[in-house]
Amino acid sequence: MKSRTVKVDYLARIEGEGRLYVKIEDDKVTDVKFGIFEPPRFFEAFLRGRKFTEAPDITARICGICPIAYQMSSSYAMEQACGVKVTGPLRDLRRLIYCGEYIESHALHIYLLHAPDFLGYEDAIRLAADYPDVVKEALRLKKIGNDIMVLIGGREIHPINTRVGGFYKAPTKKELNKLVEPLKWALEASLKTVKFTSTLNFPDFERDYEFVSLRHPDEYPITEGRLVSNKGIDIEISQFLDYFEEEHVHHSTSLRGVVKGRSDYLAGPMSRYNNNFDKLPAIAQEAAKEAGLPKICKNPFKSIIVRAVELVFACHEALRLIENYEMPDKPFIEVNPRDGVGHGCTEAPRGILYHRYKIDKDGIIKDARIIPPTAQNQRAMEEDLRGFVEKNINLPTDKLTWQCEQAVRNYDPCISCSCHFLKLQIDRK
Amino acid sequence: MVEASPIVVIGIGNDFRSDDAVGLYVARKIDETGFENVYAVAGISDGTSLLEHWHTAKAAFIVDCVISGAKPGDIIRFDAIREIIPTKLFSGYSTHAFNVAEAINLAKSLEQLPPRLIVYGIEGSNFSFGSVISAEVKEAASKVIDSIVKEIREMSG
């Protein structure tokens, strides 16, 4: 029997620690493992016994790239448990700070982590030597996202100004107006980014995914909406655990998400885009059309274009929110604890992030459940790898390994969040 | 009046991992000296933000804890404009973000290094959870503070 192994022990340019292993026997893929070996972090356990108001600050520590997602999902869950709904300018401010996180995270991933794959560079430093202006613009774009987070959140990493019920301090209109000119530049740079990403060479690969995302009747979803899929799911977020479950496999310290009774599903920019194209502002829809991106994109490598389209959305949305902003009388709504269960699900840059908490009448957390997007996408990543290697079985091992790593980076995985890095091994016999 | 280009002191580390906090400790101590036109940054989000911090600076100092196998408290000093910073020494705390050496290399490619860039590494020994810096590492921190203060005075001349 002829066999070979493709493996990467430590995949670079992703967050966290994991490995990839693909075994090929007689030109057939016989084993694929996306292994995560980062130790579990036990956040859910040590949230028990803490006050409900502490969840946003504690869970933000799960991730340095998307702390806002953790703060928002936990805040919404606690507010639901306590029967409070945050509306008006406070809701808009939450959406605005989340736009900052999208701009920062997507700019980083598109240019510094993913583009080197398409352009044949080992990393962004080597890319920067040949494309200094591109990288300079990327860093400027990323900084504008960070600036939004600093202005509203106090700092870009683990912001300190968000809380259950809203914010500790609301910015003035004048303060937010300082972001307008940089954001206008960022919007133009994002449109250029869509064009730039559309000129890259994409491997010919598609899969019949179940795209799972939020959907909101009035807006491109970030913080609120129903959970929907292209295969019939249309549920309240409180029904999440009725429709989705987590499975444990020996080679991963992160639990993997599946649709109950079905199989893997995809969370993230492609799902948001495919389920909500009609909710994108005209400028983002137009940019997607000009880039040749269909309304339903099934090629995961083209997620880099989708992220660029979402950059356009985030900059446009941030400008809209600032234009309409009126400083609230009070920066938060009082939230009084009561015995109950609350669910929160918001769209982190990498996909839906679900939180569920049970609290008692004094607001003490009795039980916590956190299901991050990368954990949900693990099985989809393995299925992508299986499908991609089967289709490209004749590629030389070094090229196959490169493209398998690229296939994982399509997800911008955040393994630290999921537990929870990456080793890739292709075993060819 | 045009503001003079500042001098930036950037401490890197984690307050909750014992000796790893030494860079932050040095930055805070420099901040307390109250030099005009010198600002200290205790902690950064990721390596690319280094480029933002030294963007308009005439000089930047970076202080980080290192593990090289040397004796705890040993100090190494690099002139990053003239020397190559060993990536292994200032290794990443994240595979998603840039470490100090990578950020310096990126800035070189982009021609965005400040005119003067000094990197101090202090050998650490204890990286377990905790907020106490080992005595020998703290002693080294005092020496690094004195050296940076001396260099700032010379530059401010």
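Begin by selecting helix H3 (residues 67-82) and helix H4 (residues 88-119) of chain A, whose axes come within 9 Å and cross at roughly 155 degrees. Axes here are lines fitted to C-alpha atoms, for helices over the stretch in contact, and angles run from 0 to 180 degrees between N-to-C directions. Helices (H or I, at least four residues) and strands (E, at least two) are DSSP runs, numbered from the N terminus.

This is a predicted model, in which local features need pLDDT of at least 70 and side-chain atom pairs count only at pLDDT 80 or more, while totals for chains, interfaces and linings use all residues. Residues are numbered from 1 along each chain as its sequence is written, chains are lettered from A and ligands numbered from 1 in the order in which they are written, and side-chain values use heavy atoms, with hydrogens and water left out.

**The helix pair**

H3(A) and H4(A) are roughly antiparallel to each other, a term for angles over 145 degrees. Their crossing is left-handed, that is, the near helix is turned anticlockwise from the far one by less than a right angle. To display the contact (heavy atoms within 4.5 Å), select Pro67(A), Ile68(A), Ala69(A), Met72(A), Ser75(A), Tyr76(A) and Glu79(A) in H3(A), which meet Arg91(A), Arg94(A), Ile97(A), Tyr98(A) and Glu101(A) in H4(A). The residues of this contact divide into seven nonpolar, one polar and four charged. In this division Ala, Val, Leu, Ile, Met, Phe, Trp, Tyr, Cys and Pro count as nonpolar, Asp, Glu, Lys and Arg as charged, and the others, Gly among them, as polar.

**Aromatic pairs**

The structure holds 13 aromatic pairs over all chains; rings of Phe, Tyr and Trp (its six-membered ring) pair if their centres lie within 6.5 Å, and planes under 30 degrees apart count as stacked, over 60 as edge-to-face and the rest as tilted. Select Tyr121(A) and Tyr131(A), an edge-to-face pair with 6.2 Å centre to centre and 85 degrees between the planes. Tyr121(A) lies in the loop between H4 and helix H5 (124-130) of chain A, and Tyr131(A), ten residues apart from it, in the loop between H5 and helix H6 (132-153). Tyr121(A) is buried at 15% relative accessibility, whereas Tyr131(A) is partly exposed at 35%; buried means under 20% relative accessible area, exposed over 50%, partly exposed in between (1.4 Å probe, protein chains only).

Next, select Phe240(A) and Tyr354(A), a stacked pair with 4.2 Å centre to centre and 10 degrees between the planes. Phe240(A) belongs to helix H9 (residues 240-243) and Tyr354(A) to strand S12 (residues 351-359) of chain A, 114 residues apart. Phe240(A) is buried at 1% relative accessibility, and Tyr354(A) is buried at 0%.

**Positive phi values**

Most residues other than glycine have a negative phi. Asp412(A) has a positive phi, near 45 degrees, and lies in the loop between helix H14 (397-409) and helix H15 (415-418) of chain A. Asp412(A) counts as buried at 1% relative accessibility. Move to chain B and select Glu111(B), where phi is positive and near 55 degrees. Glu111(B) is found in the loop between helix H3 (100-109) and strand S5 (116-123) of chain B, and counts as exposed at 74% relative accessibility.

**Last stop: Arg48(A)**

Return to chain A and select Arg48(A), in the loop between helix H1 (43-47) and helix H2 (55-60). Arg48(A) is partly exposed, with a relative accessible area of 46%. Not counting residues up to four places away in sequence, Arg48(A) touches Ile365(A), Lys366(A) and Asp367(A).

Methods: Angles under 35 degrees count as roughly parallel, over 145 as roughly antiparallel, 65 to 115 as roughly perpendicular and the rest as oblique.
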